[in-house]
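Hello,

Here is the structure I promised to pass on. My notes follow below it.

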Amino acid sequence: MLSLNNSRTSLNVSPAWCDREIHQLTPESFLSLLNNEIPAIRIPKFADADECDLLAAGIEFFGFHYYKDVYPPIGRIGITQYEHGRNRNSYFASVREASRKQREALADACDPIERMRQTLRRVFGGASHVAYESEMRCSYFAGLIRQINIALLHVDWASLSAPNWEISKALSQLAWNLFVRVPENGGECVVHDRLWVPCHEEHLIPGSYGYDHKVVENSENVALNPEVGDVLLFNSQNFHQVNAGGNPGERLTISSFIGLMPNGRLVLWS
C-alpha cells in the first residue's frame with residue numbers, strides 16, 4: 001500500500017479492488033483509494049442543507065459558461081487544465097480571473113475547497129495545498145463548479161493530459177465532488193475498476209474526450225449515487241462516466257482533484 005512518504009511508484013499494475021463497497025473517510029481508506037484498492041469514499045453531510053441552498057443560489061445567480069466543443073454540454077464556473085490542453089501559458093493566465101469568479105459565486109456561502117483542505121489536515125495530520133507550478137510562479141485553480149447532466153466515459157489523469165506540468169508528477173490522483181443539487185433519479189457517477197494505460201488510447205473516440213466502452217469490457221464497476229451535501233471521492237485514473245439524470249441543471253457540483261506528490265504532499269487543482 002502507498003504511504004504519504006513513498007517515492008514515485010507506478011500504479012498501472014495496481015491490484016483490483018478488494019471489495020465494491022463505498023467506504024467512510026479514514027486514514028486507512030484514503031490510502032486504499034490512492035492505491036486503487038477500493039472504489040470510492042463517501043463523506044456524508046460535508047455541507048448541510050442550508051449551506052447547499054446558499055451555494056446553489058449564489059452559483060445560479062452568477063451563471064455558467066460552457067465548455068467549447070463538448071457534447072452533451074457541461075456548464076461551469078472556473079477553468080480546467082484539460083480544456084487548455086498542454087498550453088500552460090493560457091491556463092495560468094486564466095487562473096486569477098477564474099478564482100475571482102469562483103469567489104463571487106460562493107461569496108454568501110461556505111468555502112468547500114478550504115473545508116476539504118481542513119478535512120484532509122484533520123484526518124491525516126499533514127497540510128494540503130493548492131498545486132503550484134514553479135516554472136510559471138503561479139498557483140493552479142482549484143474548485144470547479146459544474147452543471148452537468150451527463151458525461152461520457154473518460155479518465156482524468158495528469159500524466160496523460162498535462163505531461164511536463166508539476167501535476168504530472170502525481171503518484172496517484174483522486175477526484176472529489178460535493179453535490180450541491182441532485183436529480184430525483186439518475187445522475188450516478190459510474191466508476192470502472194480499470195486504470196488508464198497508454199494502450200487504451202486506441203479506444204478514444206475521434207474528436208471527443210470520451211472512450212469507446214470496449215475499453216471497460218469485463219471490468220467491475222460501482223455506481224456512486226449522489227446525495228445533497230455529500231462528498232464522493234474516487235480514483236480518477238479509473239475510467240468513469242456520469243449517467244443522465246433529470247433535467248439540465250439538476251446536478252450541481254463543486255470539485256477538484258487531489259494528487260499525491262513524490263514528497264508526500266497532497267495538492268489540489270482543477
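**Asparagines with positive phi**

Asn218 sits in the loop between β11 (189-195) and β12 (221-224). Please keep in mind that this is a predicted model. Asn218 is not a glycine, yet its phi is positive, about 65°. Its relative accessible area is 81%, so Asn218 is exposed.

Asn164 has a positive phi too, near 80°, and is a residue other than glycine. Its place is the loop between α5 and β10. Asn164 counts as exposed, at 71% relative accessibility.

Asn36 comes after α1. Its phi is positive as well, near 60°.

**Overall build**

The protein has 5 helices and 16 strands. Its radius of gyration is 17 Å. The globule rule gives 18 Å for 270 residues, so the protein is as compact as a globular protein of that length. Along the principal axes, the C-alpha trace spans about 45 × 40 × 40 Å. Of the 270 residues, 54% count as buried.

Helix α1 (residues 27-34) deserves a look. The buried ones are Ser29, Phe30, Leu31, Ser32, Leu33 and Leu34.

**Aromatic pairs**

How many aromatic pairs are there? The count comes to 9. Two of them are set out here.

Take Tyr140 and Trp165. Their ring centres are 6.2 Å apart, with 50° between the planes. That pair is tilted. Tyr140 lies in the loop between β7 (138-139) and β8 (144-148). Trp165 lies in the loop between α5 (158-161) and β10 (172-181). The two are 25 residues apart, and the pair links distant parts of the chain. Are these two residues buried or exposed? Tyr140 is buried, and Trp165 is buried.

Now Phe257 and Trp269. Their ring centres are 5.7 Å apart and their planes stand at 45°. Why does this pair count as tilted? Planes under 30 degrees apart would be stacked and those over 60 edge-to-face, so 45° falls in the tilted class. Phe257 belongs to strand β15 (residues 252-260), and Trp269 belongs to strand β16 (residues 266-269). The pair therefore ties together parts that are 12 residues apart in sequence. Both Phe257 and Trp269 are buried.

Tyr140 and Trp165 also take part in a cluster.

Arg115 lies over the face of Phe46, at 6.0 Å from the ring centre.

**Largest pocket**

The largest pocket holds about 1000 Å³ of space. It is lined by 48 residues. Which of them are closest to its centre? They are Tyr67, Thr80, Tyr82, His154 and Asp156. Strand β10 gives the largest share of the lining, with 5 residues. By class, the lining has 26 nonpolar, 14 polar and 8 charged residues.

**Where to look**

For backbone angles, go to Asn164, where phi is near 80°, and to Asn218, where phi is about 65°.

Best wishes

Terms used:
Residues are numbered from 1 along each chain as its sequence is written. This is a predicted model: local features need pLDDT of at least 70, side-chain atom pairs count only at pLDDT 80 or more; totals for chains, interfaces and linings use all residues. Side-chain values use heavy atoms; hydrogens and water are left out. Rings of Phe, Tyr and Trp (its six-membered ring) pair if their centres lie within 6.5 Å; planes under 30 degrees apart count as stacked, over 60 as edge-to-face and the rest as tilted. Helices (H or I, at least four residues) and strands (E, at least two) are DSSP runs, numbered from the N terminus. Buried means under 20% relative accessible area, exposed over 50%, partly exposed in between (1.4 Å probe, protein chains only). A charge sits over a ring if NZ of Lys or CZ of Arg is within 6 Å of the ring centre and within 35 degrees of the ring normal. On a 1 Å grid over the protein atoms alone, a cavity is a set of points where a 1.4 Å probe fits but cannot get out, and a pocket is an open set with protein on both sides within 12 Å along at least five of seven lines; lining residues have an atom within 4 Å of a point. Grid points are joined across faces, edges and corners, and a volume is the space filled by probe spheres set on the points. Ala, Val, Leu, Ile, Met, Phe, Trp, Tyr, Cys and Pro count as nonpolar, Asp, Glu, Lys and Arg as charged, and the others, Gly among them, as polar. The radius of gyration is taken over C-alpha atoms; the globule rule is 2.2 Å times the number of residues to the power 0.38.
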